[in-house]
Amino acid sequence: MTHATQKEAYPYFVAAVLLFALQVILGLLTVVKYIWPDPLLDILPFNTSRAIHINLLVFWLLLGFMGGTYYMIPEESDAELYSPTIARVQLGILLAGGVGAIVGYLFGISWGMPFLEQPVIIKVLIVAAALMFLFNVFMTVQKTKHWTAIQGVLIGGMVFLAIMFLFGIVFMKNLATQYYFWWWVIHLWVEGAWELITGAIMAFILLKLTGVERGLVEKWLYVEIALVLFTGIIGTGHHYYWIGTPDYWYWWGGIFSALEPLPILFMVVDTMRNVRERKLEIKNRVAYHWAIGCAWFHFVGAGIWGFAHTLPQVNQWTHGTQVTASHGHMAFFGAYAMVNLTMIYFALPRLKGMADYEQGRGIFAFWVMVSGMFMMGLGFAVAGIVQTYFNRIMGVDFLTTQDYMKLWFMVVLVCAIFFSVGVYTFVYDFFALKAKSA
Ligand code: HEM
Ligand code: HEM
Ligand SMILES: [Fe+2]
């Protein structure tokens, strides 16, 4: 660590890691409902467990991003954090809101729209915490006014993220209008704001790990960001094909979203170039694995899997099937879980004051998680193709089709258990990290 207040990141990482562990349990509880009669039907029905599963996902990823930001900003600005107290209070508010939301779902208090099921009061708490966070970060940079491209893109991404969330707070009576704006939150988060945050975090970590020149890293960061915005904003149209919006979205959505894999591919090329030109010996191999793995899995899950169903000619068959779930898992894991794990492994030894640490367990967890999620993603994809074929093409009714898909949910379950071994090894490693004996 270069600054004492960077340690404010640690409680954020602890919360993120524990919620990740819980998210995985909810995933397992959700998938078994597809396979066997559900004994929890009255306590935890499918819609509730699914809502908790994906809320925990977004929640831990956002906490990870915030922790990562609190770690990076003092180092980039060369200034102590403006207010450690704000950082702690803000975390308290978010955790209270998160627990409140989940308890509410268990009692059926939900808006129903995936990812944004929280009632307004909780959304207001989240906004308050986000404003405190942005204020704290901005004031820290203002201390030295040492604005770097990395900080600019990171904070820009955070402001973009916060503004988009506001479109999820207004309740519209017309369902088509509601979903039109729902995508401004969901799509413009994962294919806009979060891409900017990821670009900035990856640039920071590659800079520190490989010692390549800052000028070069920052130059490509600008290019990537420009491309993400150019393709991602109009690419929102790939969600407007079937919700009553005008026909021109077939063209706009199709063409622009088909270009979205380009900036993601660019990030892979850029990462590999940084690696080739590295000047430092890589000590933290676990962080290095996650960084390179993230670039590739981001491209596979978001770029290739996204492209596969983004054209209206394909999407008319696959829309809302398990093909979507396959892409959702691969993209969220490959891009955003992995960038968080990169940041956590980069910062953790420094936060624990270790010059070097035992890395075997971390690398084991990396390979188990990555291969587990890849196979799980394939399992969902085959379930989705079976579903598309029987239900959409052959016209077999929805529930009869579920029978044909069951085998593939079993495959998903087996792979998910394997994946969970990786997750829990990671959770253990997070708390038990040991300095390397000389
Ligand atoms: C043990 C591991 C996991 C299992 C068994 C699991 C299972 C499931 C199931 C059954 C669903 C509902 C699919 C449907 O709507 O029909 C779901 C949804 C989802 N899960 Fe997981 N999950 C796991 C881990 C994860 C992880 C690690 C992530 C992200 C990093 C994730 C992200 C998602 C997302 C984004 C959705 C919503 C997908 C959509 O909108 O179509 N899951 N999960
Ligand atoms: C890391 C970035 C990305 C993440 C985390 C992500 C995640 C998701 C999730 C969770 C859904 C399901 C939403 C729902 O209906 O509940 C979805 C849908 C979709 N995504 Fe992505 N995505 C990403 C990037 C992309 C890219 C780059 C493309 C295109 C090249 C793409 C194409 C699509 C399409 C076409 C759908 C709609 C599927 C349907 O009709 O059901 N995604 N994405
Ligand atoms: Fe999208």
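The buried residues of helix α3 pack against α1, α2 and α4 (120–144), where helices (H or I, at least four residues) are DSSP runs numbered from the N terminus, and where two residues are in contact if their C-beta atoms, placed from the backbone, lie within 7 Å. This is a predicted model, in which local features need pLDDT of at least 70 and side-chain atom pairs count only at pLDDT 80 or more, while totals for chains, interfaces and linings use all residues. Residues are numbered from 1 along each chain as its sequence is written, and chains are lettered from A and ligands numbered from 1 in the order in which they are written.

The buried residues of α3 are Ala-87, Gln-90, Leu-91, Leu-94, Gly-97, Gly-98, Ala-101 and Tyr-105; a residue is buried if 20 or more other C-beta atoms, placed from the backbone, lie within 10 Å of its own. With 23 residues, α3 reaches 34 Å from its first C-alpha to its last, close to the 33 Å expected at 1.5 Å a residue, the expected span being 1.5 Å times one less than the number of residues. After α3 comes Gly-108, whose phi is positive, near 80°.

The axes of α2 and α3 (residues 84–106) come within 10 Å and cross at roughly 175°; axes are lines fitted to C-alpha atoms over the stretch in contact, and angles run from 0 to 180 degrees between N-to-C directions. The two helices α2 and α3 are therefore roughly antiparallel to each other, a term for angles over 145 degrees. On the α2 side the contact includes Ile-52, Asn-55 and Phe-59, and on the α3 side it includes Leu-94, Gly-98 and Ala-101. By class, this contact of α2 with α3 has 11 nonpolar, three polar and no charged residues, where Ala, Val, Leu, Ile, Met, Phe, Trp, Tyr, Cys and Pro count as nonpolar, Asp, Glu, Lys and Arg as charged, and the others, Gly among them, as polar.

**The two ligand shells**

A residue is near a ligand if its C-beta atom, placed from the backbone, lies within 6 Å of it. Of the 20 residues around ligand 1, Gly-27, Val-31, Gly-328, Phe-333 and Ala-416 come nearest, whereas of the 23 around ligand 2 the nearest are Ala-302, Gly-306, Gly-328, Ala-331 and Ala-335.

| Shell | Residues by class |
|---|---|
| Ligand 1 | 12 nonpolar, seven polar, one charged |
| Ligand 2 | eight nonpolar, 13 polar, two charged |

Helix α12 gives the largest share of the shell around ligand 1, seven residues, and it also gives the most to the shell around ligand 2, with six residues.

Notes: Angles under 35 degrees count as roughly parallel, over 145 as roughly antiparallel, 65 to 115 as roughly perpendicular and the rest as oblique. A residue is buried if 20 or more other C-beta atoms lie within 10 Å of its own, exposed if 12 or fewer, and partly exposed in between; C-beta atoms are placed from the backbone.
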